[in-house]
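Here is a short tour of a protein, meant to be read with the structure open beside you. Take it one section at a time and find each part as it comes up.

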Amino acid sequence: MEDLFPYPVARIGLIGGGQLGRMMVKAAKRLGCTCVVLDPLQGSPAGQVAGHQIVGDYSDPAMLRELAESCDVVTFELEDIETETLLRLEAEGHKIHPRPELLAIIQDKYRQKCFLRDAGIPTSEFVDMPAPERDGFAAFGYPLVQKARRGGYDGRGVVVMPNAQSYDTHLPVAGYVERFVEAEKELAVMVARNVHGECRAYPTVEMRFHARDNVLDFLVAPAQVSDEVARRAEALAVRTVEAMDGVGVFGIEMFLTAEGELLVNEVAPRTHNSGHHTIEACVTDQFEQHLRAILGLPLGDTRQLTPATMVNLLGEPGYQGRPVIAGLAAVLAIPGVCVHIYGKAVTKPGRKMGHVTVVDDAIDAACSKAKQVKERIRILGDSKL
Ligand SMILES: Nc1ncnc2c1ncn2[C@@H]1O[C@H](COP(=O)(O)OP(=O)(O)O)[C@@H](O)[C@H]1O
Ligand SMILES: [Mg+2]
């Protein structure tokens with residue numbers, strides 16, 4: 001193949017206009033690509049940057065067709081998309097990565113678990129629970145975790161149940177129950193695999209969660225684990241994406257047990273919150289890497305050049321309306337602090353409004369700076385709840 005590309009290098013169709021899309025559009029422009037975003041919200045975070053947005057639902061067949069027909073390759077930044085139309089468009093010859101059939105497996109958490117088990121990927125034990133019932137949960141045994149099959153994110157489709165009394169907190173939805181894992185740490189590995197099967201992992205990171213609402217609180221990169229554990233996590237993540245025959249960037253979430261065992265928790269078929277630090281800390285960031293992967297270009301260097309931490313900026317409880325960023329100048333005064341504001345027009349309690357990456361030569365210093373950042377910066381709103 002001759003190494004000649006037109007401008008634009010490719011027209012990317014992006015389903016979903018949130019922050020992941022926004023950062024992908026920026027990377028796309030850097031690579032000489034253009035983007036069309038499909039999102040129901042006019043002026044979405046990604047749409048603002050792309051300059052071209054189709055305003056419509058992610059699962060509207062006519063909109064998806066319009067998107068596919070105006071682009072060279074279609075991808076997505078979220079999982080909850082109707083796959084029927086995508087499968088049809090793919091059968092007609094439109095390029096869609098990751099492939100819709102894989103999206104259909106991953107977006108249904110029960111099918112995803114079955115896939116992992118059948119592929120011999122270590123994951124916690126589980127049973128189907130299409131309609132929650134007390135006896136079924138008790139028969140499986142506590143402590144357990146109930147998960148909704150579809151639509152959950154940021155812990156919203158997950159309930160941890162320590163004992164039989166907690167049955168009353170269950171979600172009244174189709175789902176499954178799995179063994180509660182006493183995790184020493186939660187790790188994540190971002191993996192890229194391109195259309196030619198070339199596959200690379202980023203160094204393992206460590207996710208620390210809010211005890212209360214399961215939202216990622218704090219990310220430490222690289223993970224503070226032995227080299228042996230980190231390499232084993234990366235190998236497991238690569239094995240998982242290869243078993244899925246995945247194309248694009250994938251986030252593989254794992255539990256590390258006290259015995260040193262690694263269990264895959266879940267797979268995201270997209271760029272991921274635990275890869276945001278790659279923008280400042282790695283040679284090639286996860287967003288550019290995803291584009292390289294789906295366009296069949298050589299994958300970029302995944303090496304991490306500096307230790308980093310990352311904190312999400314969530315809408316402060318008690319506020320809504322237009323965002324008001326308190327403490328921005330204070331955190332920008334800290335060396336190594338990089339602020340990302342997502343351009344969302346309204347804030348809500350707990351909504352992801354931005355993130356901050358901190359780079360420092362020493363991981364301990366990066367962690368203490370991240371704590372300072374968390375204390376100082378707040379996303380308030382112009383109206384009180
Ligand atoms: N089997 C489990 N054992 C212990 N904790 C779990 C288990 N499954 C999920 N969790 C906790 O809940 C969080 C969210 O669950 P996850 O399946 O990753 O859903 P989400 O799609 O919301 O990220 C996990 O990061 C972890 O902290
Ligand atoms: Mg998760």
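## The antiparallel sheet

Strands S6 and S9 pair up in the antiparallel sense, with four bridges between them. Strands here are DSSP runs of E with at least two residues, helices are DSSP runs of H or I with at least four, and both are numbered from the N terminus. Two strands count as paired if DSSP finds at least two bridges between them. Before going on, note that this is a predicted model: local features need pLDDT of at least 70, side-chain atom pairs count only at pLDDT 80 or more, and totals for chains, interfaces and linings use all residues. Residues are numbered from 1 along each chain as its sequence is written, while chains are lettered from A and ligands numbered from 1 in the order in which they are written.

The whole thing is an open sheet of four antiparallel strands, in the order S6-S9-S7-S8. Strand S6 (126-129) and S8 are the edge strands, each pairing on one side only. From one strand to the next, the twist averages 20 degrees; angles run from 0 to 180 degrees between N-to-C directions, and axes are lines fitted to C-alpha atoms, for helices over the stretch in contact.

Now look at S7. Five bridges tie S7 to S9, and four tie S7 to S8. Gln146 has a partner on each of these: Val177 in S9 and Val159 in S8.

## The parallel sheet

There's also an open sheet of five strands, ordered S3-S2-S1-S4-S5, and its pairing is parallel. Its edges are strand S3 (53-55) and strand S5 (95-96), each with pairing on one side only. Strand S1 (residues 11-15) and strand S2 (residues 34-39) share five bridges, and Arg11 has Thr34 of S2 as its bridge partner.

## Two crossing helices

Helix H3 (residues 61-69) and helix H4 (residues 83-91) have axes that come within 10 Å and cross at roughly 35 degrees. Which residues make the contact? On H3 they are Pro61, Leu64, Arg65 and Ala68, and on H4 they are Thr85, Leu86 and Leu89. Contact here means C-beta atoms, placed from the backbone, within 7 Å of each other.

## Domains and the ligand

The domain assignment (automatic or from a database) gives domain 1 (11-96), domain 2 (125-179) and domain 3 (183-384). The C-alpha centres of domain 2 and domain 3 are 27 Å apart.

So where is ligand 1? It lies between domain 2 and domain 3, because both give residues to its shell. There are 21 residues around ligand 1, and Val145, Gly155, Val158, Phe180 and Val181 come nearest. A residue counts as near if its C-beta atom, placed from the backbone, lies within 6 Å. Among the elements giving two or more residues to this shell are strand S7 (144-148), strand S9 (175-179) and strand S15 (262-268).

Most residues other than glycine have a negative phi, and most peptide bonds are trans. Now for some exceptions. The bond from Tyr7 to Pro8 is cis, with omega near -5 degrees, and Pro8 lies in the segment before S1. Another cis bond joins Tyr142 and Pro143, with omega about -5 degrees; Pro143 is in the loop between helix H7 (134-140) and S7.

Asp245 isn't glycine, yet its phi is positive, near 55 degrees. You'll find Asp245 in the loop between helix H8 (227-244) and strand S14 (248-257).

Note on methods
Two residues are in contact if their C-beta atoms, placed from the backbone, lie within 7 Å.
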